[in-house]
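Open your viewer and get ready to select residues as we go. Below is a short tour with a few stops, each with something to click on.

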Amino acid sequence: MTGSRCSPREEGADIDDPLVIAGVSFNSRLIMGTGGAPNLDALEKALIASGAELATVALRRVSPAARGSVLDVLDRTGCRLLPNTAGCFTARDAVTTAQLAREAFSTEWIKLEVIADERTLLPEAVELLDAAESLVDDGFSVLAYTNDDPVLALRLEAVGCAAVMPLGSPIGSGMGILNPFNLSLIVDRLSVPVILDAGVGTASDAAIAMELGCDAVLAASAVTRSREPATMAEAVRKAVEAGRLARRAGRIPRRLYAEPSTTFEDLPDLESGPHQD
Amino acid sequence: MTVTVNGEATELAEDSTVEHVLARHLGPERATSGVAVALNGEVVLRTEWSARRLRPHDRLEVLAARGGG
């Protein structure tokens, strides 16, 4: 197990540093999910506006009648493909799905999702850790979708995950970051990239994630199910950049009472009437 | 013989291979890049498609990319 170690995410980190996952550098710190878009054209416009260089896809039964593919869209936008194991409830299903994705897309990268139930889509921690360990042993670069639990995040790092992706709140809930304290602990204690996954509802949620020290943000529904996906994609992109700048700059401490920004020294005497001894 | 392809009962000639099913299911024009196959819950590697023969009641899943988070 890793203990406390020097965090690579100290305030003041070089703003131009690329995001590095499993040895691959990305200039963009926004990762896009491709589910939920009204159509492929809207998705393509949103991907372009997002500036994302990495985007997730799922594996489902082929529909022979389908016209166009999300793969073509990713190809045209130059996005690297990150297959996921969405919909898997057990380690076995997730491992098989990852192997199928490797066959289909010729990539050993996998966004590992093992969920507990359809209602909450919350990660199934025991199966998740089991699957992560198997996939790392099988040569995969595992990006693990997980709870906002610092202990589990450390365990995922310890078994060799390339990145850890804690949720801010349940998938598609748009509830933002419900436990910023846990997220701060995760960011502080892990060495591998920490990517906020799930819960982003709008741009400010992405900014908060970056201000808390996350290395990147994944947005899916927040963009694809918004009224104007391309516009929201641009907003989230700017929020990610703004949040990273703010993290670097270092926020002021929170105080209970006011702290004047203007000095009280040399305050003029504006009492009415002449000077009186 | 009858096998199940993506949840649907499908009649195939004896000695049919995974490759035969793909040609029929995807159509001859459709590229097989971006496609993966599971047989009875196990991955069938691309390199095994032409040699792998099917048996009655096999369950075949033919998969491709779909938008997802």
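## Stop one: a strand residue

Start by selecting A:Ser141, which lies in strand β7 of chain A, residues 141–146. Keep in mind as you look around that this is a predicted model. Is A:Ser141 buried or exposed? Its relative accessible area is 17%, under the 20% cut-off, so A:Ser141 counts as buried. Now show its surroundings: leaving aside residues up to four places away in sequence, A:Ser141 touches A:Ala22, A:Glu108, A:Trp109, A:Ile110 and A:Ala162.

## Stop two: salt bridges within chain A

From that list, pick A:Glu108, which forms a salt bridge with A:Arg102, with 3.6 Å between the closest N and O atoms. Both partners are partly exposed: A:Arg102 at 23% relative accessibility and A:Glu108 at 38%.

Next, select A:Asp197 and A:Lys111, whose side chains meet in a salt bridge at 2.9 Å, N to O. This pair links distant parts of the chain, 86 residues apart: A:Asp197 sits in strand β9 (residues 195–197) and A:Lys111 in strand β6 (residues 109–112). Both A:Asp197 and A:Lys111 are buried.

Then move to A:Arg76 and A:Glu44, another salt bridge, at 2.8 Å from N to O. Here helix α2 (A:Arg76) is linked to helix α1, residues 40–50 (A:Glu44), across 32 residues of the chain. Colour by accessibility and the two ends contrast: A:Arg76 is exposed at 56%, whereas A:Glu44 is buried at 16%.

## Stop three: where the chains meet

Now bring chain B into view. How many residues of chain A are in contact with chain B? There are 27, facing 26 residues of chain B. The area buried between the chains is about 2,100 Å², with carbon and sulfur atoms giving 56% of it. On the chain A side, highlight A:Arg61, A:Val62 and A:Glu103, which lose the most area to chain B and together make up 35% of what that side buries.

Stay with A:Arg61: it forms a salt bridge with B:Glu61, the closest N and O atoms being 2.7 Å apart. The count between the two chains is two salt bridges, and 14 residue pairs are in polar contact across the interface. For the chain A side, select α3(A), which supplies the largest share, seven residues.

Finish with the strands: β4(A) and β5(B), residues 59–67, pair in the antiparallel sense over five bridges. Within β5(B), B:Ala64 is the bridge partner of A:Arg60.

Conventions
Residues numbered from 1 in each chain as written. Chains lettered and ligands numbered in written order. Predicted model: local features only at pLDDT ≥ 70, side-chain atom pairs only at ≥ 80, totals over all residues. Heavy atoms only, no water. Contact = heavy atoms within 4.5 Å. Buried area = accessible area lost by both parts, 1.4 Å probe. Salt bridge = Lys/Arg side-chain N within 4 Å of Asp/Glu carboxyl O. Polar contact = N/O pair within 3.5 Å; in protein donor to acceptor, adjacent residues only side chain to side chain. Helix = DSSP H or I, 4+ residues; strand = E, 2+ residues; numbered from the N terminus. Pairing = 2+ DSSP bridges. Buried < 20%, exposed > 50% of the residue type's maximum accessible area, 1.4 Å probe, protein only.
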